[in-house]
Structure formats: C-alpha cells, structure tokens
Amino acid sequence: MQLISSLNLRNSEYLSKDRLISYHHQLRLIFTLGSQVKNILEIGIFNSLLTDLLKRNGYNVTTADIDPNLEPDIILDLTNDFSTLKDKFDAIVLFQVLEHLPYEQSEQALKQLALITKKFLVISIPYNAQFLALQIKYSYARRSRYLLLHMPKFWSTKPVCNEHYWEMGLKGYPKKRILDSVAKAGLTIKQEFTDPIHPYHYFLVLEKNTK
C-alpha cells in the first residue's frame with residue numbers, strides 16, 4: 001500500500017467539490033446514530049478535516065492510520081491483528097480505505113472491525129459505474145429533486161484510481177459480493193446511501209450483530 005503522504009497531494013487539489021460532498025455525508029450519517037455514539041475511531045486520515053468537525057460537535061475521536069507521517073493517534077495496519085482495540089469505540093469510521101487492500105485482505109479487515117467495534121461501522125467504498133444524474137431545483141422547494149441512472153462497469157477490471165485493488169461494480173466485484181462480505185463479517189446494513197451528484201462514493205452504515 002502506498003502511503004498517502006508520499007503522493008504529494010495538496011489540500012487545494014484534494015478538497016474537490018465532490019470530495020466535500022462526501023465529507024458532508026460522512027458527518028451526516030454519523031449524526032444519524034444519535035446518542036448511541038460518543039467515542040469514535042477514525043481509520044484513514046489525510047487532512048484531519050472530519051476529525052476536526054466531529055470534535056467540534058462533541059465527539060471523542062481517536063485517529064488511526066498506517067502512515068506515521070500523518071501523525072495519527074494510533075499507527076494501524078489493517079492487515080495485522082488489532083484486537084487490542086476491542087470494545088473501546090462506539091463507532092469505527094473509515095471512508096475510501098478498504099479498496100487500498102487486496103479484496104481478501106479487506107474482507108479479513110472487515111471481520112476484525114466488526115469484532116472490535118461496540119456498535120457501528122460506517123464506511124464508504126468506490127462504486128465504479130457509468131451514470132447520468134439530473135438535478136432539479138425550484139426557487140420555493142426546500143430540497144432538490146434528482147434522477148440517477150447508473151450501470152456498474154461489470155465489463156471492466158480497471159479502477160478509477162491506480163491505488164485501488166478493486167472497486168464495487170467492476171468485473172468480479174458486483175455489489176452482491178461486497179454485501180455478502182458484510183454479512184459474513186457479522187454486520188447488518190442499517191443504511192445504504194449514494195449521492196446522485198457524486199455516486200462514486202457508496203456509503204454503508206453497519207451495525208454489529210449481537211447474537
């Protein structure tokens with residue numbers, strides 16, 4: 001896995017309009033969990049924007065990353081055993097992280113994450129599809145209306161990002177395979193969401209099975 005700090009990204013380049021849309025939904029979906037969540041482990045950081053937003057809203061946030069140059073609270077490699085973190089966090093959040101591992105390793109990481117979280121796991125993964133999105137907004141309407149047509153690129157094996165081993169929708173990685181992995185990890189889907197304006201990021205709010 002290539003460290004994000006080695007890519008020489010600048011915030012002005014990284015914080016695109018589409019990525020800011022995703023930050024909005026990351027925060028919004030965590031808010032929907034209400035008072036059940038106070039202590040959060042955020043895995044995979046770059047500019048700490050989400051961390052700052054969560055802390056400003058009263059959450060206790062611990063950061064973890066494989067890249068020591070980002071100065072996370074915990075140096076964490078998802079391919080290793082991290083069971084010592086079990087039952088310390090109400091929710092674990094990781095956005096656009098799992099696809100940076102080969103799929104079999106990401107499955108094992110998902111199982112470990114399901115084991116250590118107290119209640120929830122909130123993730124996003126890339127959804128590689130051809131799409132057409134239309135937004136309709138009226139002056140007196142409180143919310144925009146959307147039409148989204150999309151088709152997974154099941155004929156292709158090429159991720160959008162060269163740093164990704166896989167992306168949902170590509171050949172060999174249909175949505176069903178990803179959702180089966182979620183179920184095998186002992187997690188139940190509480191919410192699924194994609195923004196019609198930026199459908200490349202597919203969000204899942206997952207709840208730990210207690211039985």
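Student: In this predicted model, why is the meeting of the side chains of lysine 176 and aspartate 180 called a salt bridge?

Tutor: The N to O distance between lysine 176 and aspartate 180 is 2.9 Å. The rule asks for a side-chain nitrogen of Lys or Arg within 4 Å of a carboxyl oxygen of Asp or Glu, so the pair qualifies.

Student: What separates lysine 176 and aspartate 180 along helix H5?

Tutor: They are four residues apart in H5, which means a separation of about one helical turn.

Student: Why is lysine 176 called exposed, and what is aspartate 180 called?

Tutor: Lysine 176 has a relative accessible area of 57%, and exposed means over 50%, so the term applies. Aspartate 180 is at 34% relative accessibility. That value lies between the 20% and 50% limits, so aspartate 180 counts as partly exposed.

Student: How many salt bridges does the rule give?

Tutor: The count is four. Among them is glutamate 104 with arginine 177, at 3.9 Å from N to O.

Student: Where in the chain do glutamate 104 and arginine 177 lie?

Tutor: Glutamate 104 is in helix H4, residues 103-116, and arginine 177 is in H5, residues 175-184. The two are 73 residues apart, and the pair links distant parts of the chain. Glutamate 104 is exposed at 51% relative accessibility, while arginine 177 is partly exposed at 31%.

Student: What makes the pair of glutamate 107 and lysine 184 a salt bridge?

Tutor: Their side chains meet at 3.6 Å, N to O, and the cut-off is 4 Å, so the pair is counted. Glutamate 107 belongs to H4 and lysine 184 to H5, so this bridge ties together parts that are 77 residues apart in sequence.

Student: Is glutamate 107 buried or exposed?

Tutor: Glutamate 107 is at 18% relative accessibility. Buried means under 20%, so glutamate 107 is buried. Lysine 184, at 58%, counts as exposed.

Student: How is the packing of H4 and H5 described?

Tutor: The axes of H4 and H5 come within 9 Å and cross at roughly 35°. The crossing is right-handed. On the H4 side the contact is made by Tyr103, Glu104, Glu107, Leu110 and Lys111, and on the H5 side by Arg177, Ile178, Ser181, Val182 and Lys184.

Student: Into which classes do the residues of the contact of H4 with H5 divide?

Tutor: They divide into four nonpolar, one polar and five charged.

Student: What is the strand order of the open sheet?

Tutor: The sheet has seven strands in the order S3-S2-S1-S4-S5-S9-S8, and the pairing is mixed.

Student: What makes S3 and S8 edge strands?

Tutor: Strand S3 (74-75) and strand S8 (187-195) each have a single partner strand, so one side of each lacks a neighbour in the sheet.

Student: How do you know that S1 and S4 pair?

Tutor: Strand S1 (residues 39-43) and strand S4 (residues 91-95) share three bridges in the parallel sense. At least two bridges are required, so the two strands count as paired. Leucine 41 stands opposite isoleucine 92 in S4.

Student: In what sense do S4 and S5 pair?

Tutor: S4 and S5 pair in the parallel sense over five bridges. Here isoleucine 92 stands opposite leucine 121 in S5.

Student: What makes S5 mostly covered?

Tutor: Seven of its seven residues are buried. Phe120, Val122, Ser124 and Pro126 are buried on one side, and Leu121, Ile123 and Ile125 on the other.

Student: Which strands does H4 lie across?

Tutor: H4 lies across S1, S4, S5, S8 and S9, running at about 155° to S4. Helix H2 (residues 17-31) lies across S1, S4, S5, S8 and S9 and runs at about 20° to S9.

Student: Why is glutamate 207 called partly exposed?

Tutor: Glutamate 207 has a relative accessible area of 31%, between the 20% and 50% limits, so partly exposed is the term. Glutamate 207 is placed in strand S9. Leaving aside neighbours within four places in sequence, glutamate 207 is in contact with Lys119, Phe120, Gly186, Leu187, Thr188 and Lys190.

Notes: Residues are numbered from 1 along each chain as its sequence is written. This is a predicted model: local features need pLDDT of at least 70, side-chain atom pairs count only at pLDDT 80 or more; totals for chains, interfaces and linings use all residues. Side-chain values use heavy atoms; hydrogens and water are left out. Buried means under 20% relative accessible area, exposed over 50%, partly exposed in between (1.4 Å probe, protein chains only). Axes are lines fitted to C-alpha atoms, for helices over the stretch in contact, and angles run from 0 to 180 degrees between N-to-C directions. A crossing is left-handed if the near helix is turned anticlockwise from the far one by less than a right angle, and right-handed if clockwise. Contact means heavy atoms within 4.5 Å. Ala, Val, Leu, Ile, Met, Phe, Trp, Tyr, Cys and Pro count as nonpolar, Asp, Glu, Lys and Arg as charged, and the others, Gly among them, as polar.
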